[in-house]
Amino acid sequence: MLPRIFLRNAGSAPTQVSATVDWRNQSSGTFALPSLTLSPGEVTTISLGDYQKAGQIPPDGTWGTLKLAYAGRRADLVAVAVSYDKDHRYGLQTPFSEELSRLWVGGMWHVDATHNTFITTGNGGSEATTAEVTLFYNGGTSRYRTEKMLSPGQQLWLDIEHLVHDQIPDSDGHTLPPDTMTGSYELRDLDHATVGQLYEGKLVMDKTYGHAAYGCGSCCGYDTVVFDPTTFGGPPGIDNPEFIHANDTCSGTVDDVTGSAYGWASNNTPVATLPNSTLHTIATGNATGSSLVQLPRANPPRCGNTVFGPQQSVTVKPSITSLTPPRGLIGNSINVTVSGTGFGGSGLSMYAGSGITVTINSSSSTQIRATFAVSSTASGGNSGVTVTAGGQTSSPVNFYVQIPKTMIRDASYGTSGLGSLVTITNGNVVDIYGNIIASNECGVYRNIGYLLVDQESPAQTIQGNYTLVEQFSNYTTTVSGLTVPPTQDNPIVYAQTRLGDTQFFGARAPSCPSGNEHEGFDQSLTVQTDASHSYGLSMVNHIDRGYYSGAATVNVTINTP
Amino acid sequence: MTRKRYQPVLIVLIIGSLTLLASAGDANHSGLRRPVSVPAQRTPLSGYLLDVFRNAKLSGGIVIVADDCEEQPQMFPEFKGTVKEVLDRLASMDKRLNWSELGEQLVVRNTSSIPPVLKVTLHEFRFSRKDPLTRISSNLLGSPEVQDEIRTLHLVERGPEFGFAQFSAPSTEKDNIILKPTTVLDALNSAAGDRSVWFYRQSNCERNEISLNWPIR
């Protein structure tokens, strides 16, 4: 065979070419050819056989890789390596690859009694890197993996026939089955996840006909290089880690290439800064974050590096973290403290939904004190509260408009809401708060603790200003002259959460009820928020109070529900 | 030596005017001119009157003296008009019905004369506007002058309907009221203020029993 290199300067300027031969026999070595200068359009042929005859390349150095270097534009130098016998009957030729990549995929290998495949990869970069070669076989379900640290310019050679027949174990200790004949392979730069340093070469030999096929895998590039997420919305005063993701067009996976990005910047630093991969929000407003990242582009077989410039739309807006209290009674004015961030921007306003009029009483950048006037016609349930400042509106946080539904016993008072039975002969009647509400009485009484609750599930207690109206029915008594109590309006003020009813039967001392004087009736309740809006509560009590065969009694039984 | 500081005490003095039988009040601000709308209902007279007070947002009192053991329910028609018009209509149904405006308060009774207990004169009566109304009326009826009258008339005073406790804020000096001299009725009206309604009921049954409630507080 007569190995030669065909060179043509297709550029418009002279170019100096240097060539290096990495030869292989039982051993290996490198020989640098003398550099030469090619004029525009000049064609030349270099015979490597001359250097073998001169002993600069061993005569039995039958395989090798060639590395050419020149100064000029891509494709200015046209190079082809050829090896033919002296009759030009048998031979092969291979083109040169200009590409370096982090990943080469899709190459095929073939080895049997009449075929063999050589695969090589080399480090074309300026620093050491780890090259990994993976052979896929058995329909792609099995793999043979080997890796090697390569210095700049160093190569990794795989003679597949040697690996199969001699059962050479891979980096994980696996061997290729002896009957393995074909498969695919990939080359991966393990140390350079984005811009790789590896070049690729492969030759499949047909020993029967002296045919050799050159082929190669495809380099793998990226497209769709973006911030993830592409838009950001958040409150002032936070540090948000940014991510740049790129779509690997070979595998279809999305790779995190944040670590390769540089040139981080924000176009509106009073709103947000982006000095590195951490976005820092400052004040309400809009900004655009950007960075640069150099990646192989997705344009195989060429995968030249491209600088991508992903951008992120940044909106810094107010944020509500809590409403205190988070709920309030329909028809009431409730003082609400809104906590959060970003309230210091211009044009501060607040919206709490239909039927709720908001008055801002005071504000700082992190807190708003406001009065929510909940109309008697407002809808019960959740109502979204938003804050607008600096032209930006926060995400809504719910304020719950409470509708009175029923009363439940306050388990924290007495025994499950029932106070002690108190008998007095000339004493005071004391209510649930400890206030004396009558003196010089003779009889029996009991206080009952209740909580007014709303329509939520689970029900929540209600505080507010309202009138609790008691209505009485189904009255019976053993005492002539006693009659059903009149409907009674009880004003309740906001400070009351526990409601205390006092059920008393008696007379002013020295008169006392006799031993079998008692009365019984049903007690139903209505919450009135104004003259035209009232809500009947589902709870109905039956009350028996007085003396039953001499026994002082105040029984309060919930009939409904 | 510690020097003792004396806080000045602000006393609001209301002189009992003994205007029990006078129909007083500024005609332009009279509660009798207020509009009222009451649905048709079957109820005792006291229940209907309470609805009138609620609907017209009147304060004052209702006096019912029942010769029967129970105040019998009646059928009352729907009414829309002024308070005076509804009282006139009720008076046409029951000739005993009388009413008086005493300052801001309206007192309606189903008797031609005020019950003696309400006419009792007290030399002095003190209360705080922050006190529970039942406590005020308990103290009022427990005064020696009223107790003397109750004993004289052989009345038994039934305990009131206390209802739900009121949250009581601390009294300030301006809440303290001293009436002297005053009548029970004037003291009740003073305690009623501008929104509450008291209800005095006397039944002449097996025993003569009285009760004093605050159905609108």
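Just after helix 1 of chain B, residue B:K57 adopts a positive phi of about 55°. The model is a predicted one, and the values reported here are computed from it. In general, an α-helix has 3.6 residues a turn, so residues three or four places apart point the same way.

Chain A contains two helices and 46 strands. Its radius of gyration is 45 Å, well over the 24 Å that the globule rule gives for 561 residues, so chain A is more spread out than a compact globule. The C-alpha trace of chain A spans about 140 × 55 × 30 Å along its principal axes. Of the 561 residues in this chain, 37% count as buried. Among contacts in chain A with a separation of 6 or more, residues 24 or more positions apart account for 66%.

One open sheet of chain A is made of four strands in the order 29-31-34-33, with antiparallel pairing. Its edges are formed by strand 29 (319–324) and strand 33 (356–363), each of which pairs on one side only. Neighbouring strands of this sheet are turned by 30° against each other on average, direction ignored. As a rule, strands of a sheet pair through backbone hydrogen bonds, either parallel or antiparallel.

At the interface, 38 residues of chain A are in contact with 35 residues of chain B. On the side of chain A that touches chain B, two or more residues each come from strand 40 (436–453), strand 41 (466–477), strand 42 (488–492) and strand 43 (498–508). Strand 43 gives the most to this side, with nine residues. By residue class, the side of chain A that touches chain B divides into 17 nonpolar, 15 polar and six charged residues. Strand 43 of chain A also pairs with strand 12 (residues 163–164) of chain B, in the antiparallel sense and over two bridges. In that pairing, the bridge partner of A:D501 is B:F164.

Several further backbone features were identified. Most residues other than glycine have a negative phi, and most peptide bonds are trans. The peptide bond from A:A509 to A:P510 is cis, with omega near 15°. A:P510 lies in the loop between strand 43 and strand 44 (518–530) of chain A. In chain B, the peptide bond from B:K180 to B:P181 is likewise cis, with omega near -20°. The loop that holds B:P181 is the one between strand 13 (176–179) and strand 14 (182–183) of chain B.

A:N440 is not a glycine, yet has a positive phi of about 60°. This residue is placed in strand 40 of chain A, one of the strands that contribute two or more residues to the side touching chain B. A:N440 is partly exposed, with 19 other C-beta atoms within 10 Å, whereas a buried residue would need 20 or more. A:S549, also a residue other than glycine, has a phi near 50°. A:S549 is found in the loop between strand 45 (533–548) and strand 46 of chain A. With 8 other C-beta atoms within 10 Å, A:S549 is exposed.

Strand 46 (residues 551–560) of chain A includes A:I558. A:I558 is partly exposed, with 14 other C-beta atoms within 10 Å. Not counting residues up to four places away in sequence, A:I558 touches A:M539 and A:N541. The C-alpha atom of A:I558 is separated by 20 Å from that of A:Q460, a residue 98 positions apart from A:I558 along the chain.

Methods. Residues are numbered from 1 along each chain as its sequence is written. Chains are lettered from A and ligands numbered from 1 in the order in which they are written. This is a predicted model: local features need pLDDT of at least 70, side-chain atom pairs count only at pLDDT 80 or more; totals for chains, interfaces and linings use all residues. Two strands pair if DSSP finds at least two bridges between them. Axes are lines fitted to C-alpha atoms, for helices over the stretch in contact, and angles run from 0 to 180 degrees between N-to-C directions. Two residues are in contact if their C-beta atoms, placed from the backbone, lie within 7 Å. Ala, Val, Leu, Ile, Met, Phe, Trp, Tyr, Cys and Pro count as nonpolar, Asp, Glu, Lys and Arg as charged, and the others, Gly among them, as polar. The radius of gyration is taken over C-alpha atoms; the globule rule is 2.2 Å times the number of residues to the power 0.38. A residue is buried if 20 or more other C-beta atoms lie within 10 Å of its own, exposed if 12 or fewer, and partly exposed in between; C-beta atoms are placed from the backbone.
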